[in-house]
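User: I would like to learn how to read helix packing and aromatic pairs in a model. Can you take me through a case?

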Amino acid sequence: MLWHEIFGIEQNLEALFSPTHLMLATGAFFFVSGPLRAAWQRKGGRGWGELLPAVLSVTMLFSMFTFFTQYANIFGNPAVLNTNIGGTRYFIEVTSVSYILIPAALMMGSILLVMRRWQLPFGSLTLMFVVNALVMLLMRFEFASPYWRTVVAAGIGGLFADILVLWLQPSAVRHNILRLFAFLVPFVYFLLVLGAIALTGPRGLWWEIHTWLGVPFVAGTIGVGLSFLVVSPPQPVE
């Protein structure tokens, strides 16, 4: 209240960067992450019966991160890749690339953290991806509602990721498999999302193949890079 009285009420993008709102977000981070932190301290942890609170917690955390970066999120702003950009191509192209690369980093950072600790039950990543895509689309429903296929694409991408977990069983011990997983998930996920946008509207994607194939590839390399932070290469014995 004092902040608003002194400096006025935040408008538009200002609301996501207001120090008082960021203080609220910090508090939200601590109570939303509570179930995840509690599960982390317990021994074991297998299946939905034991890991449901942790999965829901990391899903809410991921969605909170994308909420505060909604200005760079493809699910809230899909029309930018599907409309006539006129003479502002460079600015729109740079902006739209960030709509994929920033969520890719947030997504893989969240996933790899919990995969370092547990073998996630089948369906965890589908739940995480669908919930996040849906809430981001609903938040900007007035603009994003024609692009509902992106939520379907997120579900297919989540199912693909769950199948990879079941098939490859990536873990901190099998670090090379983990890095392959970290590349494939965002690469396929964002290719599917771009395909869903291309199916919406008369123009399809205005990106050329160099961009619509290359940007998901870079998203995959972001996943690989984060995997090195989560599970570093073995150190030589002194």
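Analyst: We start with a helix pair and then turn to the rings. This is a predicted model, where local features need pLDDT of at least 70, side-chain atom pairs count only at pLDDT 80 or more, and totals for chains, interfaces and linings use all residues. Residues are numbered from 1 along each chain as its sequence is written, and side-chain values use heavy atoms, without hydrogens and water.

User: At what angle do α9 and α10 pack?

Analyst: Helix α9 (residues 149-168) and helix α10 (residues 175-198) pack at about 160°, with axes 8 Å apart. They are therefore roughly antiparallel (over 145 degrees).

User: Which residues of α9 and α10 meet?

Analyst: Contact means heavy atoms within 4.5 Å. Among the α9 residues in contact are Ile156, Gly157 and Phe160; α10 residues include Leu184, Val188 and Tyr189. By class, this contact has 19 nonpolar, two polar and one charged residues.

User: How is a pair of aromatic rings described?

Analyst: By the distance of the centres and the angle of the planes. Rings of Phe, Tyr and Trp (its six-membered ring) pair if their centres lie within 6.5 Å; planes under 30 degrees apart count as stacked, over 60 as edge-to-face and the rest as tilted. This structure holds 13 aromatic pairs. Phe75 and Tyr189 have ring centres 6.2 Å apart and planes at 55°, so this pair is tilted. Phe75 sits in the loop between α5 (47-67) and α6 (89-117), and Tyr189 is in helix α10, 114 residues apart.

Methods:
Axes fitted to C-alpha atoms, helices over the stretch in contact; angles between N-to-C directions. Helix = DSSP H or I, 4+ residues; strand = E, 2+ residues; numbered from the N terminus. Parallel < 35°, antiparallel > 145°, perpendicular 65-115°, else oblique. Nonpolar A, V, L, I, M, F, W, Y, C, P; charged D, E, K, R; others polar.
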